[in-house]
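Here is a short briefing to read alongside the model.

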Amino acid sequence: YRFVVYSCYGVKIYDVDDVGEWLGVITADRVIDGDKTQKQINEEQNERKSVKLWSSGLADALGKFDAVDFDKDETVSAPVLLVSGQIVNSNGHELNQVTPTTIVLEGQYGASDIVIDGLSIQQDKSGVVSGGTNNNHAAIKIRGGLRNKIKNLVLDSQLGISLGMGEAGAADRRSMFNVIRDIVFKNTNIGVEHIGASYNQSMNIVVDPQDKGSFMGDRGTGYDKIENPDETAHAPCHANNGVNWIIRNMATGISSQNSSKFESKINYFISGCDRAIQIIKGTVQGNNPTLNNYQIISEKCKQLIVNDGGNHNIFRFIADGSAFTDRGIQEIAGFLGKGFNQYLGTIKNSAKTAAQFRYSHNLYGLQVSKATGNGANVNGNYGGGLIIVDGATGTGVALAGNYNNLQVVATECLNALVVSGSGNTINIQ
C-alpha cells in the first residue's frame, strides 16, 4: 500500500510506499496513548459500538466494548453474559435464544450499573417449566448487584425478568436499587420476579401472554434469617415497588411470598387471572407478608384476594366479581397471629359470596353491589369499620366473630344481618 497525505494547501506531507512495514505490527494490547491500551480507550469512549460493524455477534462485542449498539437480529444458543457497567442498546432488533430452558441475557454475579435498552427478546418455550426454584432460566437474569436498568423491551419468552441473589458468601446477596420500566411481555409464565431482592422499582409494565401464563405477573419472595435462622440465606424481599402495571391471563397477578415486606403495588389493572392478589405464608409466621400496600382494579378474575397469613397489609380495590368461582376475598384459616389488615374497596356483581374474613383486628371499608351468596362473612374478632351491601341473594353481613365494632348498611338482601358471635357492637341501617 502507498500512504499519501496532502495539506489543505495542496502541499504533500507524506508519501510512503509499503505502509505496512512503515507502521509496524499492531496488536490489540499495543500501548497507543500513554499507558492505555486500545481496549482501555474503547472502554472509556461514550459512543456505542455497532455489533454489525465491529464484531461477530453480541457476546463478542461485549468482550471488546462496554457500550454496544445491538443493531442486527441475532440467534444465540448460550446465555449472553454482562459485567458491571456494560450497556446494550437497540432499536427493536431481535435477540433469539434457541436452546430450551436457557437464559438470554445474564448479569455476572454482583454486576452493577448494567443497562439493557430497546431489545426484542425471543426465548425458546419448548422446555418444561415447574414451580419453585426449579425455574431458573429467566429471559433476563440479574444476580445481585446494584443500580441496573432494564427498559424499553418486548419479550416473547418462557420466563420473564428475574432480580435474583448474588454469589453465596457475599456480604449482601440482594439485588438492589434496580429500575425496570416500559416492558411488554407477549408471552411468559412469570413477568417480573424479585427473589432475594430489595429496594427496586418497576413501572409501565404490560404482562399479556397469548397463552395463559402458569405462574404470576409480579412475584416477590426471599429469605430472612433474622425471622427464621434456619433459612438457607439472608436475602429478604423488601420494598420492591411497582406502579402502572397491566397483568392479564396469568394464574396470579401479584404474588407476595416469604419475607415480602414494605412493598407498594399501585395502579395495577389485573384481568383474567385465577387470583388477582395471592398472599402466601412464609416459612415461619414472622416471614409472612406484612406491611405491604396494594392498589388494584380487577376484572374477570376467579378470586380477588387470597390471603394466607398476611398481616398488617392494606388492600385497596375496585373489582368486577362476575367471574368469581369462589369467595372473592378469602382469608385462609389457620393463621394464629393478629390480622390488622385493611380492606378498602368495591366489589360489583359478585358471582359468589364477596368476602370471607377470618383474621382479627381488621379494618373494613367494603362495598358490595350485588352478590350471589352473602355480601361478607366476618369470622374474625376485634375488627371494625363499615360494610355496605346491596342485593345479596343471601345475607348482607354474616357475623360469627366476637367483639367487633361494625357499621352495617344492607339493602335488598335475603337477610340484612345474621349474628352468631358475642360481644359485638353493631349499628345497622
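This is a predicted model: local features need pLDDT of at least 70, side-chain atom pairs count only at pLDDT 80 or more; totals for chains, interfaces and linings use all residues.

Residues are numbered from 1 along each chain as its sequence is written, and side-chain values use heavy atoms, with hydrogens and water left out.

**Aromatic pairs**

- Searching the whole structure turns up 9 aromatic pairs; rings of Phe, Tyr and Trp (its six-membered ring) pair if their centres lie within 6.5 Å, and planes under 30 degrees apart count as stacked, over 60 as edge-to-face and the rest as tilted.
- One of these is the stacked pair of F177 and Y199, at 5.6 Å centre to centre with 15° between the planes.
- F177 sits in the loop between β17 (175-176) and β18 (179-187), and Y199 in the loop between β20 (197-198) and β21 (201-207), so this pair ties together parts that are 22 residues apart in sequence. Strands here (E, at least two residues) are DSSP runs, numbered from the N terminus.
- F177 is partly exposed at 44% relative accessibility, and Y199 is partly exposed at 35%. Buried means under 20% relative accessible area, exposed means over 50%, and partly exposed lies in between (1.4 Å probe, protein chains only).
- W245 and Y268 also make a stacked pair, because their ring centres are 5.2 Å apart and their planes meet at 10°.
- That pair links distant parts of the chain, with W245 in strand β23 (residues 241-248) and Y268 in strand β25 (residues 264-271), 23 residues apart.
- W245 is buried at 1% relative accessibility, and Y268 is buried at 2%.
- A cluster joined by ring pairs takes in Y294, F315, Y343, F357 and Y364.

**A charge over a ring**

- K49 lies over the face of W54, 4.1 Å from the ring centre. The rule asks for NZ of Lys or CZ of Arg within 6 Å of the ring centre and within 35 degrees of the ring normal.

**Strand pairing around β27**

- Strand β27 (residues 293-299) has Y294, I296 and S298 on its covered face, while N293, Q295, I297 and E299 are on the uncovered one.
- β25 and β27 pair in the parallel sense over 6 bridges, and F269 has I297 as its bridge partner in β27. Two strands pair if DSSP finds at least two bridges between them.
- β27 also runs parallel to strand β29 (residues 314-320), joined by 6 bridges. Here Y294 has F315 as its bridge partner in β29, and both residues belong to the ring cluster described above.

**Strand pairing around β15**

- Strand β12 (residues 115-117) runs parallel to strand β15 (residues 149-156), with 3 bridges joining them; the partner of V115 in β15 is K149.
- Strand β13 (residues 120-123) is also parallel to β15, again through 3 bridges, and I121 stands opposite L155 in β15.
- β15 and β18 run parallel and are joined by 7 bridges, with R181 in β18 as the bridge partner of K151.

**Backbone angles**

- Most residues other than glycine have a negative phi, and most peptide bonds are trans.
- F177, although not a glycine, has a positive phi of about 60°; this is the residue in the loop between β17 and β18.
- N249 also has a positive phi of about 60° and is not a glycine. N249 is in the loop between β23 and β24 (250-256) and is partly exposed at 22% relative accessibility.

**Enclosed space**

- Rolling a probe the size of a water molecule over the atoms shows where empty space is left.
- The count comes to 1 cavity of 30 Å³ or more. On a 1 Å grid over the protein atoms alone, a cavity is a set of points where a 1.4 Å probe fits but cannot get out, and lining residues have an atom within 4 Å of a point.
- The largest cavity has a volume of about 40 Å³, where grid points are joined across faces, edges and corners and the volume is the space filled by probe spheres set on the points.
- Its lining consists of N135, A138, L159, G160, I161, S162, I190, G191 and E193.
- These lining residues divide into 4 nonpolar, 4 polar and 1 charged, where Ala, Val, Leu, Ile, Met, Phe, Trp, Tyr, Cys and Pro count as nonpolar, Asp, Glu, Lys and Arg as charged, and the others, Gly among them, as polar.

Definitions and conventions:
Helices (H or I, at least four residues) and strands (E, at least two) are DSSP runs, numbered from the N terminus. On a 1 Å grid over the protein atoms alone, a cavity is a set of points where a 1.4 Å probe fits but cannot get out, and a pocket is an open set with protein on both sides within 12 Å along at least five of seven lines; lining residues have an atom within 4 Å of a point.
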